[in-house]
Amino acid sequence: MLEQKFIFFVSFGYMGLLFAIAFWGDKQAEKGKSIISNPYIYALSLAVYCTAWTYYGSVGAASTSGAIGFLGIYLGPTLMMIMGWPVLRKIICISKINRITSIADFIASRYGKSAALGGAVTIIAVLGIIPYMSVQIKAISTSFQLISQYPDVYMLKSATNLPAVKDTAFFVAILLTIFAVIFGTRHLDATERHEGLVAAIAFESIVKLLAIISVGLFITYKLYSGFGDLFQQASRVPQISRLFVMDINAASFTGWYNALFLAMMAIFLLPRQFQVIVVENVDENHLKKAVWLFPLYLLAINIFVIPIAFGGMLYFLEQCDLDTVCSQTLPRTFGGIFNFSFGQVDADYFSLTLLMAQKQQGLALFAFIGGMSAATGMVIVETIALSTMVCNNLVMPVLLRLSFLKLEEKTDLSRLLLLIRRISILLIVLLGYLYFHYVVEYYSLISIGKISFAAVAQFCPAVIGGIFWKGATRRGALSGLLAGFSIWFYTLVLPSLAQAGFVSNNLLVDGPFGINLINPSRLFGLDVQQLGFDQYTHAMFWSMFVNIALFMGGSLLTKQNNRERKQAVLFVDVFKYSEDTQKPSFWRATASVVDLRMLLERFLGKARTHDALELYARRHNINWERELIANTDLVSYAEKLLAGAIGSSSALIMVRSIVEEEPLGMDEIMDILDGTQQIISHSRELEKATRELEAANERLKELDRLKNEFISTVTHELRTPLTSVRALAEIVHKTPDLDPEKHDQFMGIIIKESERLSRLINDVLDFQKIESGRVEWQMIRLDFKEVIEDSIVSTGQLMKEKNIELALDIIDQETFVSGDKDRLMQVMVNLISNAVKFCDPDKGKIKIGVQKEAMAVKNDKKYQLKLFIRDNGVGICKKDQKIIFQEFRQVASDAEGRPAGTGIGLTITKHILDAHNGRIWVDSDIDKGATFFFTLPLVE
């Protein structure tokens with residue numbers, strides 16, 4: 001048996017380890033060594049999404065509904081991360097520029113920094129998250145009660161019946177409060193990263209993943225012989241085999257898609273998820289890795305959910321068969337309960353109770369710690385996020401308007417702000433504990449979690465509409481939020497209170513005052529059974545319908561003020577403006593630098609105010625201490641600093657108290673925007689020109705490299721025949737009595753190499769003339785057949801030496817063209833010589849053909865010659881076909897290497913044909929030879 005003292009020791013030891021990690025992380029950050037500045041820690045911190053709902057509740061859902069009962073909650077975030085990452089990236093960018101501190105601050109800032117809207121979002125978030133927080137407290141309480149009675153797995157009484165002084169969950173809640181206070185409210189500026197806290201959350205994500213995988217491996221491979229054996233045995237049990245069949249009906253279909261939508265929204269609208277995804281983000285590029293690392297984590301943590309559920313059902317159903325007075329009940333709220341004459345086993349906790357039943361003491365304790373990690377991570381981050389919202393968007397805007405408090409006379413308000421946040425954390429955790437104590441025992445983990453998901457989903461129209469639609473207004477967003485929240489409370493929270501006994505159950509039967517039309521379970525007469533809606537789908541349908549309708553209708557029917565228009569532009573077009581230089585100023589305001597400094601010191605303290613102003617001075621190359629009047633830019637900078645400490649709404653109130661503001665009309669705002677757009681346009685043109693210059697520079701580098709290669713090639717090509725000529729001439733000179741036959745042979749070689757030298761030199765000279773445009777063309781009317789015949793004669797000896805078989809396919813019609821005969825001869829000789837060079841060395845074949853074809857000329861019938869020279873050599877690959885006509889280019893093969901020649905023959909050929917209004921191209925396949933085509937216009 002595990003003693004409670006030992007369990008307390010391990011639990012507090014684990015919490016102490018989290019303290020140590022968080023403390024070490026903060027110390028490293030103070031030294032400038034961030035331990036969270038990498039995408040893997042960032043992705044692990046996102047796994048705070050996986051709470052006790054995931055760790056325990058998914059198993060319970062799988063025990064009653066199979067895979068369809070829990071997968072939607074994890075496919076939703078996966079789809080959002082993979083497909084919706086541009087939305088997340090935009091939200092992160094907006095928040096960094098505007099120093100957004102929470103989801104409430106984000107929505108309030110978008111709609112003209114509205115204090116009323118920020119307060120409404122905060123109230124909705126707090127009330128919506130309380131049930132979800134109670135899930136975590138329930139999980140800790142129940143799991144502790146179970147592990148404390150090891151190895152007995154049957155719960156005899158509910159943990160909610162215990163008084164607070166004897167309830168472990170109460171003390172855990174207090175401990176979590178202390179942790180959140182110490183490591184979440186040390187700094188006032190909430191946009192600063194809580195590096196130690198994030199490191200601890202990442203560590204918790206690893207612990208809960210390892211714990212659930214360990215449990216799954218034990219059940220799958222220790223109790224059974226793998227997945228196949230487990231599923232085979234499960235298929236023989238009627239109560240389990242029904243879960244293998246996915247019952248596709250209206251209820252399952254709508255319920256599954258509702259869960260999918262809720263999860264897609266929750267991944268970035270839950271206050272804790274907004275905190276880790278947006279506020280704690282170090283680098284926007286980390287999101288690129290998180291979009292696949294986080295879904296991979298979700299896959300890993302859920303891979304053993306079905307095996308654990310089936311394993312638990314197999315074991316405890318077998319125990320049921322041994323007890324004649326046991327029964328199994330499956331409540332409509334999910335989570336199977338196996339009742340015995342001596343107690344009960346909740347399917348939510350199979351991952352713990354099955355290990356206890358198998359006397360796996362160490363593994364059961366590890367599973368308990370994993371569940372505690374899942375719960376504590378959620379509570380800590382959620383309370384920090386909510387306390388920031390309560391302080392910045394609810395309490396401070398009210399206190400700043402209460403003149404009798406005389407807050408404007410106090411020189412340091414930083415301690416007050418920290419006190420408000422710490423008290424908020426305590427109250428939020430205690431509210432969660434009270435909800436657990438009085439309401440939560442009537443529901444499973446998943447059913448409670450869905451209530452909270454439905455609450456934060458009400459933020460969706462205001463957030464998504466706000467970052468993509470400039471016409472969205474504050475009144476539209478506020479009316480949609482309030483209406484959607486009211487329906488959420490009426491159709492989900494009120495029924496849960498009725499079931500707990502706080503409200504008359506007649507409300508769910510006949511409706512309030514006997515009016516069935518407004519029955520919270522069948523609102524406006526909607527037949528949920530016929531449509532297949534469960535209570536969550538029913539609530540989401542009406543709340544989102546009314547929310548979206550009022551958001552869009554209200555926005556279309558109401559007008560924005562100047563501040564709303566300004567914020568709409570900055571949010572929707574965020575990628576058009578950088579944080580500093582390109583952000584337009586939509587107001588004119590001046591203030592005394594001394595007043596501005598004193599205002600910042602009241603909330604940030606002297607040291608942090610001085611550092612912030614020094615940073616501004618370095619960026620703008622000024623000495624702020626010598627400035628008397630703060631311009632609009634400095635005032636805006638100060639407002640952003642304050643927004644990080646007290647929220648955008650309160651920051652606006654405080655800045656207005658010391659500045660002289662000159663509001664701008666719409667014409668002036670549009671002029672500013674036009675000017676900004678011109679700057680952006682010029683910037684883009686400059687970027688385009690820069691890219692073009694970079695491309696031109698790369699081209700020049702490439703040409704320089706090619707010319708160096710050309711010089712090297714020409715030098716080599718000249719040296720080879722010169723060396724041969726010199727050697728043979730010396731032999732002839734020094735050997736007067738040389739054999740006549742040898743003499744004639746040597747002289748023939750000298751003549752041949754001299755001709756080769758002449759061709760090389762002529763090629764270089766021709767290329768130089770063509771490039772400089774100094775070629776004198778001798779254009780005459782000539783029969784191109786003569787050019788072909790002369791070219792064949794000129795290259796005849798070359799073809800004879802290589803034993804080339806020549807075939808001709810020339811039309812009998814006239815082939816008169818206007819051209820320079822010598823230059824056209826050069827074209828034919830170049831192409832035939834190339835064909836000879838690359839022909840099959842054993843059985844070379846060349847075919848020369850001439851065709852007559854019509855030219856594509858409007859309202860005029862003209863003809864052209866189309867000639868081809870085909871060889872049966874190695875061919876030219878598609879890539880090289882695009883470059884062989886460029887200067888200095890030669891096609892090298894792996895077997896033969898670079899061919900002989902200068903690499904400008906085809907370039908000269910193309911230039912000559914261009915001058916004759918012709919065109920040249922090549923068609924070839926590897927190992928099937930090459931065919932060069934060119935055209936010349938015919939003349940009458």
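Reader: So how much space lies in the largest cavity?

Author: This is a predicted model, and in it the largest cavity holds about 150 Å³ of space.

Reader: Nice. Which residues are the closest to its centre?

Author: Those are S11, F12, V172, L175 and M372, out of 14 residues that line the largest cavity.

Reader: And which elements give two or more residues to that lining?

Author: Four helices do: helix 1 (4-30), helix 7 (115-148), helix 8 (168-184) and helix 17. Helix 8 provides the largest share of the lining, 5 residues.

Reader: What's the lining like by class?

Author: In the largest cavity, 11 lining residues are nonpolar and 3 are polar, with no charged residues.

Reader: How many cavities of 30 Å³ or more are there in the whole structure?

Author: The search finds 5 of them.

Reader: Let's switch to packing. At what angle do helix 3 and helix 17 pack?

Author: Helix 3 (residues 52-65) meets helix 17 (residues 361-401) at about 120°, and their axes are 7 Å apart. Angles of 65 to 115 degrees count as roughly perpendicular and those over 145 as roughly antiparallel, so helix 3 is oblique to helix 17.

Reader: Which residues make the contact?

Author: From helix 3 it is A52, Y55 and Y56, and from helix 17 it is F366, A367, F368, G370, G371, A374 and A375. By class, this contact has 8 nonpolar and 2 polar residues, and no charged ones.

Reader: One more, from another part of the chain: is helix 20 largely enclosed or largely open?

Author: Helix 20 (residues 460-468) is largely enclosed by the rest of the structure, because 7 of its 9 residues are buried.

Reader: Which ones are buried?

Author: In helix 20 they are C460, P461, A462, V463, G465, G466 and I467.

Reader: Great, thanks for the tour!

How values were computed:
Residues numbered from 1 in each chain as written. Predicted model: local features only at pLDDT ≥ 70, side-chain atom pairs only at ≥ 80, totals over all residues. Heavy atoms only, no water. Axes fitted to C-alpha atoms, helices over the stretch in contact; angles between N-to-C directions. Parallel < 35°, antiparallel > 145°, perpendicular 65-115°, else oblique. Contact = heavy atoms within 4.5 Å. Nonpolar A, V, L, I, M, F, W, Y, C, P; charged D, E, K, R; others polar. 1 Å grid on protein atoms, 1.4 Å probe; cavity = no way out; pocket = protein on both sides within 12 Å on 5 of 7 lines; lining within 4 Å. Points joined across faces, edges and corners; volume = space filled by probe spheres on them. Buried < 20%, exposed > 50% of the residue type's maximum accessible area, 1.4 Å probe, protein only.
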